[in-house]
Amino acid sequence: MRRLGAATLLVTLSACATAQGNMESNAPVAQADTIRFSAGRCFGTCPVYSVTVEPDGSGVLLPEKYTAVPGETRFAVTPQQYRRLRDSLAPFRPKTGTERKIVPGSADCKRMATDMPGYRIAWTRAKQEPTHLDYYGGCHDPQHGRLRTAIAAIPKLLDIQKMLTPAPGKTGKE
């Protein structure tokens with residue numbers, strides 16, 4: 001009887017240890033991309049900045065020129081904002097580990113306006129090669145309409161437009 005009780009106790013304790021061990025090893029790990037969006041210079045006063053959004057909701061804005069904030073600014077996004085950003089850019093994301101360029105001189109940029117900003121979107125994830133999309137805002141080919149719309153929506157989607165628009169009479173960081 002004692003042996004049966006000891007065996008039962010041992011099995012019960014080992015089951016607890018195994019369950020606890022499994023819980024730790026099966027803990028959810030964020031398998032999502034860090035998304036970095038950069039807006040480049042134009043001929044004029046376009047905001048020049050980079051914004052990085054992590055899957056955990058942390059974000060950082062690095063202003064360069066013509067923005068309302070003078071330096072690195074941290075912010076947070078909700079899971080819904082992160083998903084909307086990810087989903088709005090997903091149709092334009094190149095194959096993982098590659099780079100796509102929609103720039104003057106490329107086959108994808110036949111109708112072009114000058115003096116427009118360039119944009120770079122980077123998707124990174126641990127243990128994977130980064131993925132990049134370079135888009136020149138002056139490439140006005142019809143097939144890029146949805147991409148232009150997605151890019152234009154990023155500041156509002158992340159609720160950072162106030163950080164990008166200098167106050168009246170100010171030109172931003174120059």
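Glu99 is partly exposed, because its relative accessibility is 41%. Here buried means under 20% relative accessible area, exposed over 50%, and partly exposed in between (1.4 Å probe, protein chains only). This is a predicted model: local features need pLDDT of at least 70, side-chain atom pairs count only at pLDDT 80 or more, and totals for chains, interfaces and linings use all residues. Residues are numbered from 1 along each chain as its sequence is written, and side-chain values use heavy atoms, without hydrogens and water.

Glu99 makes a salt bridge with Arg120, 3.1 Å from N to O. A salt bridge is a side-chain nitrogen of Lys or Arg within 4 Å of a carboxyl oxygen of Asp or Glu. This pair ties together distant parts of the chain: Glu99 sits in strand β5 (residues 99-102), Arg120 in strand β6 (residues 118-124), 21 residues apart. Helices (H or I, at least four residues) and strands (E, at least two) are DSSP runs, numbered from the N terminus.

## The salt-bridge network

Arg120 is partly exposed at 28% relative accessibility. Shared partners join Glu99, Lys101, Arg120 and Asp134 into one network of salt bridges. Glu99 also bridges to Lys101, with the closest N and O atoms 3.9 Å apart. Lys101 is partly exposed, at 44% relative accessible area.

The model has 10 salt bridges by this rule. Another of them links Arg74 and Glu72, with closest N and O atoms 3.0 Å apart. Arg74 counts as exposed, because its relative accessibility is 62%.

## The sheet

Seven strands form an open sheet with mixed pairing, in the order β4-β3-β2-β1-β6-β7-β5. Two strands pair if DSSP finds at least two bridges between them. β4 (73-76) and β5 are the edge strands, each pairing on one side only. Neighbouring strands are turned by 15° against each other on average, direction ignored. Axes are lines fitted to C-alpha atoms, for helices over the stretch in contact, and angles run from 0 to 180 degrees between N-to-C directions.

β5 pairs with strand β7 (residues 131-136) in the parallel sense, over four bridges. Lys101 has Asp134 as its bridge partner in β7.

## Helices on the sheet

Helix α2 (residues 79-89) packs on the sheet and touches β1 (34-39), β2 (48-53), β4 and β6. Contact means heavy atoms within 4.5 Å. The direction of α2 makes about 65° with that of β1.

Helix α3 (residues 145-157) lies across β1, β2, β5, β6 and β7. α3 runs at about 100° to β7.
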